[in-house]
Amino acid sequence: MKFFADTADIDAIKELNDLGMVDGVTTNPSIIKKSGRDIIDVTKEICDIVDGPVSAEVTAIDADTMIAEGRKLAKIADNIAVKVPLTWDGLKACKTLSDEGTMVNVTLCFSANQALLAAKAGATFISPFIGRLDDINLDGMELIEDIRTIYDNYMFDTQILAASIRNVNHMKDAALVGADVATAPPSVIQAMAKHVLTDNGLDAFLADIKAADIKIL
Ligand code: G3P
(Lines give C-alpha, C1' and ligand atoms only; values in the text may rest on other atoms or scores of the structure.)
Protein backbone atom coordinates (compact mmCIF):
# COMPACT_ATOMS: atom_id res chain seq x y z
CA MET A 1 0.00 0.00 0.00
CA LYS A 2 1.33 3.44 -0.90
CA PHE A 3 1.45 6.12 1.79
CA PHE A 4 0.43 9.67 0.98
CA ALA A 5 0.93 12.42 3.56
CA ASP A 6 -2.31 14.33 4.12
CA THR A 7 -0.71 17.65 4.97
CA ALA A 8 0.94 20.82 3.69
CA ASP A 9 3.43 20.85 6.56
CA ILE A 10 6.73 21.12 4.68
CA ASP A 11 8.96 19.94 7.55
CA ALA A 12 6.78 16.89 8.18
CA ILE A 13 6.73 16.05 4.46
CA LYS A 14 10.53 16.35 4.23
CA GLU A 15 11.07 14.10 7.26
CA LEU A 16 8.75 11.38 5.95
CA ASN A 17 10.11 11.69 2.43
CA ASP A 18 13.71 11.25 3.63
CA LEU A 19 12.60 8.02 5.33
CA GLY A 20 10.95 6.69 2.19
CA MET A 21 7.57 6.83 3.90
CA VAL A 22 5.91 9.13 1.41
CA ASP A 23 4.71 8.07 -2.02
CA GLY A 24 2.69 11.25 -2.54
CA VAL A 25 0.88 14.09 -0.78
CA THR A 26 -2.75 15.14 -0.56
CA THR A 27 -4.04 18.57 0.31
CA ASN A 28 -7.49 20.10 0.49
CA PRO A 29 -8.81 23.61 1.18
CA SER A 30 -8.81 23.00 4.95
CA ILE A 31 -5.17 21.88 4.86
CA ILE A 32 -4.19 24.90 2.72
CA LYS A 33 -6.04 27.21 5.16
CA LYS A 34 -4.13 25.64 8.06
CA SER A 35 -0.81 26.24 6.26
CA GLY A 36 -1.62 29.95 5.99
CA ARG A 37 0.11 30.02 2.60
CA ASP A 38 -0.84 30.68 -1.01
CA ILE A 39 -2.09 27.46 -2.61
CA ILE A 40 0.15 27.74 -5.68
CA ASP A 41 3.31 28.52 -3.66
CA VAL A 42 2.90 25.77 -1.08
CA THR A 43 1.86 23.19 -3.68
CA LYS A 44 4.91 23.99 -5.81
CA GLU A 45 7.19 23.60 -2.80
CA ILE A 46 5.66 20.20 -2.02
CA CYS A 47 6.03 19.08 -5.66
CA ASP A 48 9.73 19.99 -5.52
CA ILE A 49 10.21 17.68 -2.50
CA VAL A 50 8.07 14.66 -3.40
CA ASP A 51 8.36 12.65 -6.62
CA GLY A 52 4.91 11.04 -6.39
CA PRO A 53 1.48 12.55 -7.02
CA VAL A 54 0.59 15.75 -5.14
CA SER A 55 -3.14 16.45 -4.96
CA ALA A 56 -4.30 20.06 -5.15
CA GLU A 57 -8.02 20.77 -4.93
CA VAL A 58 -10.09 23.07 -7.12
CA THR A 59 -12.20 25.77 -5.49
CA ALA A 60 -15.03 26.06 -8.04
CA ILE A 61 -18.18 23.97 -8.13
CA ASP A 62 -19.11 24.33 -11.83
CA ALA A 63 -17.37 22.11 -14.37
CA ASP A 64 -16.00 24.84 -16.65
CA THR A 65 -14.31 26.74 -13.84
CA MET A 66 -13.05 23.50 -12.25
CA ILE A 67 -11.47 22.59 -15.59
CA ALA A 68 -9.82 26.03 -15.88
CA GLU A 69 -8.54 25.80 -12.32
CA GLY A 70 -7.39 22.24 -12.90
CA ARG A 71 -5.42 23.28 -15.99
CA LYS A 72 -3.72 26.03 -13.96
CA LEU A 73 -2.92 23.64 -11.09
CA ALA A 74 -1.59 21.04 -13.53
CA LYS A 75 0.96 23.58 -14.79
CA ILE A 76 2.58 23.76 -11.32
CA ALA A 77 4.46 20.48 -11.86
CA ASP A 78 4.26 17.18 -13.72
CA ASN A 79 3.26 15.30 -10.55
CA ILE A 80 0.11 17.30 -9.79
CA ALA A 81 -3.13 15.38 -9.35
CA VAL A 82 -6.09 17.76 -9.62
CA LYS A 83 -8.63 17.08 -6.90
CA VAL A 84 -12.30 17.57 -7.75
CA PRO A 85 -15.39 16.88 -5.63
CA LEU A 86 -17.63 13.94 -6.41
CA THR A 87 -20.47 15.91 -7.92
CA TRP A 88 -21.89 15.66 -11.43
CA ASP A 89 -19.87 18.74 -12.41
CA GLY A 90 -16.82 17.26 -10.72
CA LEU A 91 -17.19 14.13 -12.85
CA LYS A 92 -17.38 16.28 -15.99
CA ALA A 93 -14.18 18.04 -14.95
CA CYS A 94 -12.59 14.67 -14.15
CA LYS A 95 -13.35 13.34 -17.63
CA THR A 96 -12.02 16.40 -19.42
CA LEU A 97 -8.85 16.73 -17.36
CA SER A 98 -8.17 12.97 -17.46
CA ASP A 99 -8.60 12.96 -21.25
CA GLU A 100 -5.99 15.74 -21.38
CA GLY A 101 -3.54 13.50 -19.53
CA THR A 102 -3.82 15.13 -16.11
CA MET A 103 -4.07 12.91 -13.02
CA VAL A 104 -7.40 13.47 -11.26
CA ASN A 105 -8.26 12.61 -7.67
CA VAL A 106 -12.03 12.54 -7.11
CA THR A 107 -12.66 13.40 -3.49
CA LEU A 108 -15.51 13.42 -0.96
CA CYS A 109 -16.59 9.90 -1.97
CA PHE A 110 -19.05 8.28 0.43
CA SER A 111 -20.63 5.48 -1.63
CA ALA A 112 -19.66 2.64 -3.95
CA ASN A 113 -21.87 4.06 -6.68
CA GLN A 114 -19.98 7.36 -6.53
CA ALA A 115 -16.73 5.41 -6.85
CA LEU A 116 -18.09 3.53 -9.87
CA LEU A 117 -18.92 6.82 -11.58
CA ALA A 118 -15.48 8.24 -10.85
CA ALA A 119 -13.78 5.21 -12.39
CA LYS A 120 -15.92 5.51 -15.51
CA ALA A 121 -14.99 9.22 -15.73
CA GLY A 122 -11.33 8.20 -15.86
CA ALA A 123 -10.23 9.16 -12.35
CA THR A 124 -6.66 8.27 -11.42
CA PHE A 125 -7.65 8.16 -7.73
CA ILE A 126 -10.92 7.83 -5.85
CA SER A 127 -10.88 9.17 -2.28
CA PRO A 128 -13.43 7.47 0.01
CA PHE A 129 -13.53 9.22 3.41
CA ILE A 130 -13.33 6.52 6.07
CA GLY A 131 -13.31 8.63 9.24
CA ARG A 132 -16.27 10.78 8.28
CA LEU A 133 -18.39 7.66 7.65
CA ASP A 134 -17.31 6.21 11.00
CA ASP A 135 -18.27 9.58 12.56
CA ILE A 136 -21.92 8.99 11.63
CA ASN A 137 -21.89 5.35 12.76
CA LEU A 138 -21.41 3.90 9.27
CA ASP A 139 -18.53 1.60 8.37
CA GLY A 140 -15.88 3.44 6.37
CA MET A 141 -13.78 0.33 5.82
CA GLU A 142 -16.75 -1.57 4.40
CA LEU A 143 -16.91 1.09 1.69
CA ILE A 144 -13.26 0.50 0.79
CA GLU A 145 -13.98 -3.25 0.56
CA ASP A 146 -17.01 -2.68 -1.68
CA ILE A 147 -15.08 -0.40 -4.02
CA ARG A 148 -12.20 -2.92 -4.15
CA THR A 149 -14.63 -5.66 -5.21
CA ILE A 150 -16.31 -3.50 -7.85
CA TYR A 151 -13.05 -2.21 -9.33
CA ASP A 152 -11.62 -5.75 -9.42
CA ASN A 153 -14.81 -7.15 -10.99
CA TYR A 154 -14.42 -4.82 -13.95
CA MET A 155 -10.66 -4.25 -13.93
CA PHE A 156 -10.90 -0.49 -13.43
CA ASP A 157 -7.43 0.90 -12.91
CA THR A 158 -8.58 3.85 -10.76
CA GLN A 159 -6.61 3.64 -7.52
CA ILE A 160 -8.47 3.48 -4.22
CA LEU A 161 -7.04 6.21 -2.01
CA ALA A 162 -8.33 5.66 1.53
CA ALA A 163 -8.78 9.15 3.03
CA SER A 164 -10.02 10.74 6.23
CA ILE A 165 -7.77 8.33 8.11
CA ARG A 166 -7.72 9.14 11.79
CA ASN A 167 -5.79 6.33 13.50
CA VAL A 168 -3.36 3.45 13.04
CA ASN A 169 -6.14 0.85 12.86
CA HIS A 170 -7.49 2.63 9.81
CA MET A 171 -4.05 2.20 8.21
CA LYS A 172 -3.87 -1.52 8.99
CA ASP A 173 -7.45 -2.19 7.90
CA ALA A 174 -7.03 -0.21 4.68
CA ALA A 175 -3.99 -2.37 3.86
CA LEU A 176 -5.89 -5.58 4.75
CA VAL A 177 -8.83 -4.80 2.47
CA GLY A 178 -6.57 -3.81 -0.42
CA ALA A 179 -6.65 -0.03 -0.65
CA ASP A 180 -4.02 1.04 -3.20
CA VAL A 181 -3.10 4.13 -1.19
CA ALA A 182 -3.79 5.49 2.27
CA THR A 183 -3.44 9.19 2.91
CA ALA A 184 -2.92 10.10 6.55
CA PRO A 185 -1.69 12.94 8.72
CA PRO A 186 2.05 12.54 9.50
CA SER A 187 1.17 11.95 13.18
CA VAL A 188 -0.77 8.80 12.25
CA ILE A 189 2.08 7.47 10.08
CA GLN A 190 4.54 8.07 12.94
CA ALA A 191 2.18 6.44 15.46
CA MET A 192 2.38 3.21 13.44
CA ALA A 193 5.87 2.72 14.89
CA LYS A 194 4.58 2.77 18.46
CA HIS A 195 3.90 -0.31 20.59
CA VAL A 196 3.81 -0.48 24.37
CA LEU A 197 5.71 -3.80 24.37
CA THR A 198 8.45 -2.21 22.25
CA ASP A 199 8.76 0.58 24.83
CA ASN A 200 8.72 -1.87 27.76
CA GLY A 201 11.23 -4.17 26.10
CA LEU A 202 13.55 -1.27 25.33
CA ASP A 203 13.35 -0.06 28.94
CA ALA A 204 14.42 -3.53 30.15
CA PHE A 205 17.30 -3.68 27.66
CA LEU A 206 18.44 -0.19 28.66
CA ALA A 207 18.47 -1.23 32.33
CA ASP A 208 20.68 -4.23 31.50
CA ILE A 209 22.96 -2.10 29.29
CA LYS A 210 23.47 0.22 32.24
CA ALA A 211 23.88 -2.59 34.81
CA ALA A 212 26.41 -4.48 32.70
CA ASP A 213 28.06 -1.31 31.35
CA ILE A 214 27.74 -2.65 27.78
CA LYS A 215 29.53 -0.35 25.32
CA ILE A 216 29.88 -0.56 21.55
CA LEU A 217 31.45 2.81 20.75
O1 G3P B 1 -7.98 13.19 2.96
C2 G3P B 1 -9.12 13.86 3.38
C3 G3P B 1 -8.91 14.29 4.76
O4 G3P B 1 -8.06 15.40 4.79
C5 G3P B 1 -10.14 14.54 5.52
O6 G3P B 1 -9.88 14.12 6.79
O7 G3P B 1 -10.14 13.98 9.19
O8 G3P B 1 -11.01 15.98 7.93
O9 G3P B 1 -12.15 13.79 7.74
P10 G3P B 1 -10.86 14.49 7.97
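The legends below describe close-up views of the ligand and its pocket in a predicted model.

**View 1. The residues around the ligand.** Eight positions are labelled in this view: Asp6, Asn28, Phe129, Arg132, Ala163, Ser164, Arg166 and Thr183 surround the ligand. Sorted by class, this shell consists of three charged, three polar and two nonpolar residues. Phe129 and Ala163 belong to the shell and count as nonpolar, whereas Asp6, Arg132 and Arg166, also in the shell, count as charged.

**View 2. Polar side-chain atoms at the ligand oxygens.** In the side chain of Arg132, an N or O atom is 2.7 Å from an oxygen atom of the ligand. Arg166 likewise places a polar side-chain atom 2.7 Å from a ligand oxygen atom. For Asn28, the distance between a polar side-chain atom and an oxygen atom of the ligand is 3.0 Å. On its own, the ligand has 310 Å² of accessible area, of which the protein covers 81%.

View 3. The largest pocket is the site in which the ligand sits. The volume of this pocket is about 620 Å³. Its lining comprises 27 residues, and those closest to the pocket centre are Asp6, Thr7, Asn28, Ser30 and Ile31. Asp6 and Asn28 are also among the residues that surround the ligand.

**View 4. Elements and residue classes in the pocket lining.** Two or more lining residues of the largest pocket come from each of α1 (10-18), α2 (29-35) and β5 (103-109). Helix α2 supplies the largest share, with five residues. By class, the lining of the largest pocket contains eleven nonpolar, nine polar and seven charged residues.

Key: Residues numbered from 1 in each chain as written. Predicted model: local features only at pLDDT ≥ 70, side-chain atom pairs only at ≥ 80, totals over all residues. Heavy atoms only, no water. Near = heavy atom within 4 Å. Polar contact = N/O pair within 3.5 Å; in protein donor to acceptor, adjacent residues only side chain to side chain. Areas by Shrake-Rupley, 256 points an atom, 1.4 Å probe, with all protein chains shown as cover. 1 Å grid on protein atoms, 1.4 Å probe; cavity = no way out; pocket = protein on both sides within 12 Å on 5 of 7 lines; lining within 4 Å. Sits in = over half its atoms within 2 Å of the grid points. Points joined across faces, edges and corners; volume = space filled by probe spheres on them. Helix = DSSP H or I, 4+ residues; strand = E, 2+ residues; numbered from the N terminus.
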